[in-house]
Amino acid sequence: MGSADSLTAVRDSAGPRAMSDTFAEDPFPAGARQAGRSAPALPTPETLERLAACAEAADLAGEPDRAAVEVLRRSGLLALAVPKSHGGAGADAVVLNTCVEQVASVNASAAIMLFQHCAVTSRIVENGTFAQHREVLPKLADGRWLAASAWSESAAGADKKNLGTLAHRTPDGAWLLDGAKSFTTSAGLADVYLVLAQSQEESPDSGPGSSRDTGYGAAGQTFFLIPGDHPGLVPDTSMRLAGMRGSATGFVSVRECRVPDSARLGAPGVAASIIARVRNSGASLGAVAVGIAQAALDAAHAHAERRGLYAHQAVRHRLVNLATQVESARAVVERAGRRTSADPGMTTLFSKLAASAAAERVVADVARFLGSAGYVETHPINRFGRDARAVALMGPTDDLCKELVSLPWNR
Ligand SMILES: Cc1cc2nc3c(=O)[nH]c(=O)nc-3n(C[C@H](O)[C@H](O)[C@H](O)COP(=O)(O)OP(=O)(O)OC[C@H]3O[C@@H](n4cnc5c(N)ncnc54)[C@H](O)[C@@H]3O)c2cc1C
C-alpha cells in the first residue's frame, strides 16, 4: 500500500476521455510495461472451489471474508478490467459479467467485492491521468491492491445528491476531506478507496429536475483515490448486514483527511457526469443476481435428484420454469455486456432490474420447492435469499434504475 502523496499525477487539464483515446496517447513505453495477462480467463475450478469453501463460514460469522479476498488476489480476476498495456487482462464487459456471475454462483460476497474492484478500476482507466495509470493499474492487476467504492452515505440518499462528505481546497492546492461513508463494500480490506465528495456548492440550475440533473450524483462533486492506510481514512466493519455478510460492507470515515491534488480522479466537480457514463460500460450487477439464481437452481436439481423427484412431470416443469428465468436473466446481462443495443446504458439498467427481480423470484420459488429441507436455517438457500435481496439495494438501487430510465420522459 502507498500513501496518497505517492499518487503523483501530472494533472491532465483535458479532463476525462474515452479509454481508447487515453491509451492511444499514453507515452508510457510499451517495452517497459508489465507483460499483459494472456487471454482473459474465466475463474478456474480451483478458484471457484476455494471461494465456495469460504462462503458459508463467512455468512455464519458475519465477518469480513479475508480468505476470499486472498483467493481473489491470487486468482488473476482482479486484473479483468485493467488494460493489457498495464499488466491486466483487458477483458470486455461480457467476460467481466461472466466472471462475476461464476463467482457469485459460489460466493456472492466475493462477487460484489470483485465487481466493485473492477468498477473502480474502470473509472481509473477512463478518467485517470497517465501517472495514475502507471502507478495504480499494475497494482490493481496483480492483486497487490483491492479497490473499493465509497460513494454512499447514511443521509445522502440512493441518488447521492445530498453528500455530507466535503472536500475543501487548501491554499497549497491540496484537499481536505471530512465526512462519513456507509455501505462501502470491502471496507477495511481494500487498499484503495474511490471516495465521492462535495467539493463545490451545487449551482441552483443543477438541482433535481433541472436540465443538468443526471439523476445520480450532483454538480460540484469530485472523486478522490485514497489509499487504505492514508492518515484520516478509517474503515469500520461493525455494520451487521442481513446478507452479503462476508463482503465487509461497512463504514469509512474521512476525518481531516488531507490528500494531494494528484489523488483527484477526473476534473473537480464533474463526478456526476462520470457516474452518468458508468452504465455505458456494460458491466452489470445483474451478473451477481444471475450467479445467485443459478446457485439456487442447482440446489433445486440436487434436491430433485436426491429425492427421486424427476419422476413427477410437475416437478420437471417447475424446474424448467426456474431455468427459463435464469437463462433469460443471463441473456439480458450478456446483452448489456455486448453493448450492441441502441442505448447500451439503458440496457445495463434493464439488465440489473431484470436479473435482480429474477434472482429474488427464483430463490423464493426454490426455497418453497425444497420443502422442509430448505427451512433449516443453515440450508444455503437462506443465504442465497438474503444475498439476492442485496442486489436490488445496491447502487443504483432498482428504484433508482427505474428513475434513470424514465427521467428523460419527464423533460
Ligand atoms: C450489500 C450492499 C453493498 C453495497 N456496497 C456499496 C459500495 O461498495 N459502495 C457504495 O457507495 N454503496 C454501496 N451500497 C449502498 C447502495 O449503493 C445504495 O445506494 C444505498 O444503500 C442507498 O441507500 P438507501 O437505500 O438507504 O437510500 P434512500 O435514499 O434512503 O432510499 C430509500 C428507498 O427509496 C428509494 N429511492 C431513494 N431515492 C430515490 C430516487 N431518487 N428515485 C427513486 N427511488 C429512490 C431507494 O431505492 C430505497 O428503496 C451497498 C449496499 C448494499 C446493501
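Two residues are in contact here if their C-beta atoms, placed from the backbone, lie within 7 Å. With that in mind, this briefing looks at a predicted model of a protein chain of 411 residues, of which 53% count as buried. The chain has twelve helices and eight strands, and among its contacts with a separation of 6 or more, 79% are accounted for by residues 24 or more positions apart.

**Arginine 123 and its surroundings**

- Arg123 is found in helix 5, which covers residues 108–127, and leaving aside its neighbours within four places in sequence, Arg123 is in contact with Leu194, Leu265 and Ile274.
- Although Arg123 and Arg277 are 154 residues apart in sequence, their C-alpha atoms are 9.6 Å apart in space.

**The nonpolar core**

- In soluble globular proteins, nonpolar side chains tend to be buried together.
- The largest nonpolar core of this model has 121 residues, and those with the most contacts inside it are Phe224, Val288, Ile292, Ala293, Ala296, Ala359 and Val366.
- One of these, Val288, is in contact with Val100, Ala104, Ala108, Ala111, Ile112, Phe115 and Val391, if its neighbours within four places in sequence are left aside.

**Helix 5 against helix 8**

- Helix 5 and helix 8, the latter made of residues 286–306, have axes that come within 10 Å and cross at roughly 165°, which means that helix 5 is roughly antiparallel to helix 8.
- The crossing of helix 5 and helix 8 is right-handed, and the residues of their contact divide into six nonpolar, one polar and no charged.
- On the side of helix 5 the residues that take part are Ala108, Ala111, Ile112 and Phe115, and they meet Val288, Gly291 and Ile292 in helix 8.

**Helix 10 and its two partners**

- Helix 10 (residues 344–369) packs with helix 11 (residues 380–393) at an angle of about 160°, and their axes are 9 Å apart, so helix 10 is roughly antiparallel to helix 11.
- The crossing of helix 10 and helix 11 is left-handed, and their contact has ten nonpolar, two polar and two charged residues.
- In that contact Ser356, Ala359, Glu360, Val363, Ala364, Val366 and Ala367 of helix 10 meet residues of helix 11, including Phe384, Ala388 and Val391.
- Helix 10 also packs with helix 12 (residues 398–406), at an angle of about 145° and with the axes 10 Å apart, and the crossing of helix 10 and helix 12 is left-handed.
- The residues of the contact between helix 10 and helix 12 divide into six nonpolar, one polar and three charged, with Met346, Leu349, Lys352, Leu353 and Ser356 in helix 10 meeting Asp398, Cys401, Lys402, Leu404 and Val405 in helix 12.
- Ser356 is listed in the contact of helix 10 with helix 11, and Ser356 is also listed in the contact of helix 10 with helix 12.

**Backbone features in the loops**

- The peptide bond from Gly395 to Pro396 is cis, with omega near -15°, and Pro396 lies in the loop between helix 11 and helix 12.
- Ser186, which is placed in the loop between strand 3 (175–184) and strand 4 (192–198), has a phi near 70°, a positive value in a residue other than glycine.
- Ser186 is buried, because 32 other C-beta atoms lie within 10 Å.
- Arg339 lies in the loop between helix 9 (313–338) and helix 10, and its phi, near 60°, is likewise a positive value in a residue other than glycine.
- Arg339 is partly exposed, because 17 other C-beta atoms lie within 10 Å.

**A glycine in strand 3**

- Gly179 has its place in strand 3 and counts as buried because it has 21 C-beta neighbours inside 10 Å.
- Not counting residues up to four places away in sequence, Gly179 touches Glu153, Gly164, Thr165, Leu166, Ala197 and Val254.
- Of these, Ala197 is 18 residues apart from Gly179 in sequence and 8.3 Å apart in space, C-alpha to C-alpha.

Conventions:
Residues are numbered from 1 along each chain as its sequence is written. This is a predicted model: local features need pLDDT of at least 70, side-chain atom pairs count only at pLDDT 80 or more; totals for chains, interfaces and linings use all residues. A nonpolar core is a set of buried Ala, Val, Leu, Ile, Met, Phe, Trp, Tyr and Cys residues joined through C-beta atoms within 7 Å. A residue is buried if 20 or more other C-beta atoms lie within 10 Å of its own, exposed if 12 or fewer, and partly exposed in between; C-beta atoms are placed from the backbone. Helices (H or I, at least four residues) and strands (E, at least two) are DSSP runs, numbered from the N terminus. Axes are lines fitted to C-alpha atoms, for helices over the stretch in contact, and angles run from 0 to 180 degrees between N-to-C directions. Angles under 35 degrees count as roughly parallel, over 145 as roughly antiparallel, 65 to 115 as roughly perpendicular and the rest as oblique. A crossing is left-handed if the near helix is turned anticlockwise from the far one by less than a right angle, and right-handed if clockwise. Ala, Val, Leu, Ile, Met, Phe, Trp, Tyr, Cys and Pro count as nonpolar, Asp, Glu, Lys and Arg as charged, and the others, Gly among them, as polar.
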